[in-house]
Amino acid sequence: MEVQSDEAAAGESDAWARIRSGLSWPRPKNTRVTRAIDWYRKHPAYLLRMTRRARPYLAFIVKEVEQRGMSLEFALLPVVESAFRELAYSPAGASGLWQFMPSTGKRYGLKQDWWYDGRRDVVESTRAALDYLTKLLEEFDDPLLAVAAYNWGEGNVRRAAARNRARGKPTDVWSLRLPRETRSHVARLLAIAAIVDEPDRYGVVLQSIPNRVHFAQVPLDRQIDLGMAADLAGITLRELRRLNPGFKRSATGPGGPHRLQIPTDAVERFTASLSDVPPERHTRWARHRIVSGDTLGAIALRYRVSVVALMQANGLVSDRILAGRHLMVPASVTPDASRTGGAMQFGLDRTAPQSLTKAIHRVNDGESLWRIARRHNVDLRQLAAWNGLSMESVLQPGQRLTVYRGQEARSRYPVATRSSELAESGSSDTIHVVEYGDTLSEIAKRHGTTVLELTKFNRIEETTVLRPGQRLRLLPASYSGSSNGRARIRYRVKRGDSLWEISRQFGVSVASLRKWNRLPADEPLMPGRELDVHLTRAPTI
């Protein structure tokens with residue numbers, strides 16, 4: 001397999017120093033720029049967070065800007081556009097490091113579909129942004145006007161300049177009648193360029209970023225599950241997603257070609273490991289052909305996934321399905337594997353240390369992956385990886401799981417505790433401090449809880465953008481401190497929900513749900529209805 005790798009330019013060892021040597025714009029004496037510089041000086045924590053986010057991407061962007069012969073001020077534009085948040089999304093609909101609107105993205109070749117958003121792809125969006133800026137430079141012949149047009153639209157800047165020319169006025173960026181946001185946009189870019197150029201003068205310390213491209217681009221000719229790709233590369237799924245934010249689902253899109261950004265030091269392992277996996281096992285997704293009589297609930301039960309997961313995976317807004325069409329099923333086991341009691345194998349035994357002893361665990365009724373991991377004193381994520389499962393997989397009685405035992409497993413893969421155990425043991429560790437890249441879903445999985453529980457206890461919405469350093473409560477005070485260990489919450493029914501799925505999510509029985517909410521056996525469950533749920537333990541996912 002051919003790997004397209006990038007080499008860091010010789011010379012400077014720090015990316016900021018490399019940028020410093022390529023800055024060329026004059027520094028205007030402008031009150032807006034001065035105020036922007038003062039703001040950055042007074043907010044060192046902001047600069048530190050931005051620098052940490054820029055670390056995987058900055059050297060690549062600098063290299064791309066240099067190859068086009070452009071001033072390196074343009075490499076700093078993502079600081080102003082998104083603060084180097086690769087998943088940044090504006091209220092107007094702009095997305096990614098370079099904040100492309102959907103229409104502008106399509107104009108510059110950024111594919112956008114259910115599986116993938118090129119606006120969030122660091123490589124593709126950088127290519128498109130530099131294409132766009134090159135066009136703007138050719139039209140306006142002024143880098144500051146190009147930046148203003150990038151923010152406000154070239155048509156708007158063109159008309160503003162035409163009005164000034166008609167009145168005999170200057171047409172520089174400070175003389176045009178521009179929106180306040182656009183003026184501030186230009187000023188902030190000049191301010192960050194000034195700080196990078198002379199950090200000592202402004203009393204700012206910029207955390208060093210290595211002057212080498214952090215990742216290599218690996219071409220793929222077929223769909224692949226992102227969790228599997230991370231396992232094969234020997235990195236975390238979070239790290240893989242951070243380098244590949246363009247992929248919106250758990251896998252790349254069907255077919256190909258595709259491209260994955262892999263850390264340069266993991267490329268050799270990834271390509272060697274991938275070659276050992278048969279092509280038909282590159283994805284943990286199944287394709288189900290709908291037949292007459294099928295329902296989403298029956299299909300979900302067959303593949304051991306939730307109706308909600310099926311709807312999300314296929315972009316469905318209702319539970320109506322048509323015979324003859326196909327559904328993508330995010331299945332951790334196939335129907336055939338379910339009947340034989342065996343988990344799907346993806347050639348992932350390489351994730352286990354060779355010095356450990358292999359054992360087989362036969363799943364008992366009511367057991368979960370978490371319970372089995374605790375029983376064998378191994379890490380939940382590692383147990384899932386050894387068996388080609390996701391951490392939310394529902395196990396079937398009689399299913400056989402591979403477990404690697406030994407002291408090395410306990411030392412290398414510390415056993416995770418659940419929030420419910422922490423509460424019961426009196427631990428104060430019921431707060432999660434948000435790190436860069438965290439999502440509500442990942443935090444919920446990590447602590448053995450649900451997104452619903454997190455949003456309810458922290459009075460936030462599922463769409464809330466998390467900030468690094470933000471503190472989230474994992475358990476409600478009434479739950480962790482109550483004498484009988486019971487808490488009551490209100491659950492709002494979503495389209496596609498069933499009492500059985502809700503009962504499984506919260507670890508209660510269907511009969512209890514009916515009793516608490518006085519639901520007759522023949523009464524349908526309507527979206528939007530609120531149900532009382534009495535928790536005796538932390539919900540499972």
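In which crossing, right-handed or left-handed, does H7 pass H9? The answer is given with the second view below.

**View 1. Overview of the predicted chain.** This is a predicted model, in which local features need pLDDT of at least 70 and side-chain atom pairs count only at pLDDT 80 or more, while totals for chains, interfaces and linings use all residues. Residues are numbered from 1 along each chain as its sequence is written, and side-chain values use heavy atoms, with hydrogens and water left out. The chain contains 25 helices and 10 strands, these being DSSP runs numbered from the N terminus (H or I over at least four residues for helices, E over at least two for strands). Of the 541 residues in the chain, 50% are buried, where buried means under 20% relative accessible area, exposed over 50% and partly exposed in between, with a 1.4 Å probe and protein chains only. Among the contacts (heavy atoms within 4.5 Å) with a separation of 6 or more, 69% are made by residues 24 or more positions apart.

**View 2. Packing of helices H7 and H9.** Helix H7 (residues 122-140) packs with helix H9 (residues 154-166) at an angle of about 15°, and their axes are 12 Å apart; axes are lines fitted to C-alpha atoms, for helices over the stretch in contact, and angles run from 0 to 180 degrees between N-to-C directions. H7 and H9 are therefore roughly parallel to each other, since angles under 35 degrees count as roughly parallel, over 145 as roughly antiparallel, 65 to 115 as roughly perpendicular and the rest as oblique. H7 passes H9 in a right-handed crossing, a term used if the near helix is turned clockwise from the far one by less than a right angle, anticlockwise being left-handed. From H7, the residues Tyr132, Lys135, Leu136, Glu139 and Phe140 meet Glu154, Val157 and Arg158 of H9. By class, this contact of H7 with H9 has 4 nonpolar, no polar and 4 charged residues, with Ala, Val, Leu, Ile, Met, Phe, Trp, Tyr, Cys and Pro counted as nonpolar, Asp, Glu, Lys and Arg as charged, and the others, Gly among them, as polar.

**View 3. Packing of helices H11 and H13.** Helix H11 (residues 226-233) and helix H13 (residues 267-275) pack at an angle of about 115°, and their axes are 7 Å apart. The residues Ala229, Asp231, Leu232 and Ala233 of H11 meet Arg269, Phe270, Ser273 and Leu274 of H13. By class, the contact of H11 with H13 has 5 nonpolar, 1 polar and 2 charged residues.

**View 4. The salt bridge between Arg27 and Glu73.** The structure holds 16 salt bridges, each a side-chain nitrogen of Lys or Arg within 4 Å of a carboxyl oxygen of Asp or Glu. Arg27 forms one with Glu73, with the closest N and O atoms 3.7 Å apart. Arg27 lies in the loop between helix H1 (15-20) and helix H2 (31-42), and Glu73 in the loop between helix H4 (58-67) and H5, so the pair ties together parts that are 46 residues apart in sequence. Arg27 is partly exposed, with a relative accessible area of 31%, whereas Glu73 counts as buried at 0% relative accessibility.

View 5. In the salt bridge of Asp121 with Arg259, the closest N and O atoms are 3.2 Å apart. This pair links distant parts of the chain, with Asp121 in the loop between H6 and H7 and Arg259 in strand S2 (residues 258-263), 138 residues apart. Asp121 counts as buried at 4% relative accessibility, and Arg259 is buried as well, with a relative accessible area of 18%. Salt bridges that share partners join Arg68, Asp121, Glu124, Arg127, Asp131 and Arg259 into one network.

**View 6. Two loop residues with positive phi.** Although Ala83 is not a glycine, this residue has a positive phi of about 55°; Ala83 is found in the loop between helix H5 (77-82) and helix H6 (102-107), and is buried, with a relative accessible area of 5%. Arg518, also not a glycine, has a positive phi of about 50°. Arg518 is found in the loop between helix H25 (510-517) and strand S10 (530-535), where it counts as exposed at 75% relative accessibility.
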